[in-house]
Amino acid sequence: MSVHDELTSIQRSLDDLSRSVSRLEQQMGSGGLDIRRVRTDCDHLRESAALLKEAASAPTAPKRPDLVTIPDTPYDNSLWIDTDDEGLGARDRHAP
């Protein structure tokens with residue numbers, strides 16, 4: 001199944017759920033906290049499914065990373081003051 005078919009299936013299932021919750025509300029009354037919570041959760045699921053459907057239908061171009069230009073000029077030597085050479089230690093000391 002394609003993504004569109006899956007989302008349509010989810011939408012139909014959520015519509016069925018919403019109808020069932022409405023019938024349950026009529027039988028139990030809509031004043032209880034539990035039924036309101038179920039109604040709110042059902043509404044949130046419908047909203048989330050609609051957002052997924054929007055995102056799936058929007059064309060997305062593959063995002064390319066930003067290119068960073070590295071200059072050919074040498075680095076400033078002051079950047080390396082008080083640094084250790086990897087595996088050799090500090091410049092003015094001998095390796096162990």
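Predicted model: local features only at pLDDT ≥ 70, side-chain atom pairs only at ≥ 80, totals over all residues.
Q: What pattern does the protein chain follow along the sequence?
A: Helices (H or I, at least four residues) and strands (E, at least two) are DSSP runs, numbered from the N terminus. The protein chain has 2 helices and 2 strands. Read in sequence order, they give α-α-β-β.

Q: Which element has the highest mean pLDDT?
A: Think of pLDDT as the predictor's confidence in each residue, from 0 to 100. The protein chain averages 83, and 86% of the residues score at least 70. Strand S2 (residues 89-90) has the lowest mean among the elements, at 60, while the highest, at 90, belongs to H1.

Q: Is Ser-18 buried or exposed?
A: Buried means under 20% relative accessible area, exposed means over 50%, and partly exposed is in between (1.4 Å probe, protein chains only). Ser-18 is in helix H1 (residues 3-28). Its relative accessibility is 11%, so Ser-18 counts as buried.

Q: Which side chain does Ser-18 join in a polar contact of 3.5 Å?
A: Start with what Ser-18 touches, where contact means heavy atoms within 4.5 Å: Arg-39, Cys-42 and Arg-46, not counting residues up to four places away in sequence. A polar contact is a pair of N or O atoms within 3.5 Å; within protein, one must be able to donate a hydrogen and the other to accept it, and residues adjacent in sequence count only if both atoms are side-chain atoms. The side chain that pairs with Ser-18 this way, at 3.5 Å, is that of Arg-46.

Q: How many residues apart in sequence are the parts that Asp-15 and Arg-46 tie together?
A: Side chains of opposite charge can pair when their charged atoms come close. In a salt bridge, a side-chain nitrogen of Lys or Arg lies within 4 Å of a carboxyl oxygen of Asp or Glu, and Asp-15 and Arg-46 make one at 3.2 Å, N to O. Asp-15 sits in helix H1 and Arg-46 in helix H2, so this pair ties together parts separated by 31 residues.

Q: Which residues are linked in a network of salt bridges?
A: Arg-39 and Asp-43 both lie in helix H2, about one turn of the helix apart, and their side chains meet in a salt bridge of 4.0 Å. Arg-39 also has a polar contact of 3.3 Å with the side chain of Glu-25, which is found in helix H1. The linked residues are Glu-25, Arg-39 and Asp-43.

Q: About how much accessible area does the nonpolar patch on the surface have?
A: Patches are made of residues with over 30% relative accessible area and no salt bridge, joining like charges within 9 Å and nonpolar side chains (Val, Leu, Ile, Met, Phe, Trp, Tyr) within 5 Å. Val-68, one of the members, is exposed at 69% relative accessible area. Together Val-68, Ile-70, Tyr-75, Leu-79 and Trp-80 have about 600 Å².

Terms used:
Residues numbered from 1 in each chain as written. Heavy atoms only, no water. Areas by Shrake-Rupley, 256 points an atom, 1.4 Å probe, with all protein chains shown as cover.
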